[in-house]
Amino acid sequence: MAGICNIPFRLLMEDMGAGGTVSELVSSHGINHGNQRTLDMLKIDKREEVVGLQLFGEDAESLTRAALKCEEFNPGWIDINMGCPVNKVVQKGGGSAMMKEIEKLAPLFEEMRSKMNIPLSIKIRTGWDSENRNAAEILKIAHNSGLEWVAIHGRTRTQQYTGLADWNFIEGLHDERKIPLVGNGDLHHPILVSDRLQHSRCDALMIARGALRNPFIFLESLDPAYA
């Protein structure tokens, strides 16, 4: 959603019924270096009611510094993107690559929480690949570190956006987790969203590309005609 989740788009999604929105992916290093184009991506319109700022990076020091700068823009929360599969992010240790070294996560989360004054969340995938689907372990770390919720996309990093999101895996996390869970993946049509809303064990659903294709998807998903 790079270049998409800006202020006008987020305001439109709120008007269409989204319960909350998030910024496009913002580099923690760009923030810390004072890049004006990057800082402009942190701006929030006074009309926005529920909006978070989404960061990517790979180390506690840079992410914490960036998060503190983000707080100056008054977001509702800050989200660390640990699900981005794009090579230029992953090759530097950010995005989905953070799921490969989970021993680093608790110190990172705890460092950020100790300095921040607003909620912190993460977005992950089911794992790096089909042999390493470690989302359940990350949920436990997130809970123990005081994070507010975890959003999970139902594919591994190696899948990129191919195949289908594994909602059986997402729903199967319900009994193991102690932290609110937001499900994401393949919610591209109001009928699919409506059905998932009725039957999901997740606490919330996240729509991304589906809103780009159809900005009315939030309204239509709550329409009884699609139930």
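Colleague: Where is Pro-8 placed?

Modeller: This is a predicted model. In it, Pro-8 sits in helix H1. Its relative accessible area is 58%, so Pro-8 is exposed.

Colleague: How far apart are Pro-8 and Asp-45, in sequence and in space?

Modeller: Read the two separations side by side. Pro-8 and Asp-45 are 37 residues apart in sequence. From C-alpha to C-alpha, they are 9.0 Å apart in space.

Colleague: Now salt bridges. What is the general idea, and how many are there by this rule?

Modeller: Opposite charges on side chains can pair when the charged atoms come close. Here the count is 12 salt bridges. One of them joins Glu-48 and Arg-10, at 2.7 Å from N to O. This pair links distant parts of the chain, 38 residues apart. Glu-48 is in the loop between helix H3 (36-40) and strand S2 (51-56), and Arg-10 is in helix H1 (residues 7-15).

Colleague: Are Glu-48 and Arg-10 buried or exposed?

Modeller: Glu-48 has 8% relative accessibility, so it counts as buried. Arg-10 has 2%, so Arg-10 counts as buried too.

Colleague: Which residue does Arg-65 meet in a salt bridge?

Modeller: Glu-61, with an N to O distance of 3.7 Å. Look at the spacing. Arg-65 and Glu-61 are 4 residues apart in helix H4 (residues 60-71), so about one helical turn separates them. Arg-65 is partly exposed, at 43% relative accessibility. Glu-61 is partly exposed as well, with a relative accessible area of 47%.

Colleague: What about Asp-186: which residue is its salt-bridge partner?

Modeller: Arg-155, with the closest N and O atoms 2.7 Å apart. Asp-186 is in the loop between strand S6 (181-184) and helix H9 (190-199), while Arg-155 is in strand S5 (residues 149-156), so the pair ties together parts 31 residues apart in sequence. Asp-186 is buried, with a relative accessible area of 19%. Buried means under 20%. Arg-155 is buried at 2%.

Colleague: Next, backbone angles. What is phi of Asp-186 near?

Modeller: Start with the general rule. Most residues other than glycine have a negative phi. Asp-186 has a positive phi, near 60°, and is not a glycine.

Colleague: Which phi does Asn-74 have, and where is Asn-74 found?

Modeller: Asn-74 has a positive phi of about 60°, although it is not a glycine. Asn-74 is in the loop between H4 and strand S3 (77-81). Its relative accessibility is 64%, so Asn-74 counts as exposed.

Colleague: Take helix H7. Which of its residues are buried?

Modeller: H7 covers residues 135-144. Ala-135, Ala-136, Ile-138, Leu-139, Ile-141 and Ala-142 are buried there. The buried residues of H7 pack against H6, strand S4 (120-127), S5, helix H8 (167-172) and S6. After H7 comes Gly-146, with a positive phi near 85°.

Colleague: Where is Ser-221 placed, and which residues does it contact beyond its neighbours within four places in sequence?

Modeller: Ser-221 is in helix H11 (residues 217-221). At 5% relative accessibility, Ser-221 counts as buried. With neighbours within four places in sequence left aside, Ser-221 is in contact with Pro-190, Val-193, Ser-194 and Leu-197.

Colleague: How many disulfides does a search of the whole structure find?

Modeller: The search finds 0 disulfides. Cys-84 is in none, and its nearest cysteine sulfur, that of Cys-5, is 13 Å away. Cys-202 is in none either, with the sulfur of Cys-5 nearest at 20 Å. Cys-84 counts as buried, at 10% relative accessibility. Cys-202 is buried, with a relative accessible area of 12%.

Colleague: Last, the second largest pocket. How much space lies in it, and which element gives the most to its lining?

Modeller: About 180 Å³ of space lies there. Helix H6 (residues 105-115) gives the most to the lining, with 3 residues. The lining residues include Glu-58, Asp-59, Lys-100, Glu-101 and Lys-104. Also among them are Met-98, Leu-105, Pro-107 and Leu-108. By class, the lining has 6 nonpolar, 1 polar and 5 charged residues.

Conventions. Residues are numbered from 1 along each chain as its sequence is written. This is a predicted model: local features need pLDDT of at least 70, side-chain atom pairs count only at pLDDT 80 or more; totals for chains, interfaces and linings use all residues. Side-chain values use heavy atoms; hydrogens and water are left out. On a 1 Å grid over the protein atoms alone, a cavity is a set of points where a 1.4 Å probe fits but cannot get out, and a pocket is an open set with protein on both sides within 12 Å along at least five of seven lines; lining residues have an atom within 4 Å of a point. Grid points are joined across faces, edges and corners, and a volume is the space filled by probe spheres set on the points. Helices (H or I, at least four residues) and strands (E, at least two) are DSSP runs, numbered from the N terminus. Ala, Val, Leu, Ile, Met, Phe, Trp, Tyr, Cys and Pro count as nonpolar, Asp, Glu, Lys and Arg as charged, and the others, Gly among them, as polar. A disulfide is a pair of cysteine sulfur atoms within 2.5 Å. Buried means under 20% relative accessible area, exposed over 50%, partly exposed in between (1.4 Å probe, protein chains only). Contact means heavy atoms within 4.5 Å. A salt bridge is a side-chain nitrogen of Lys or Arg within 4 Å of a carboxyl oxygen of Asp or Glu.
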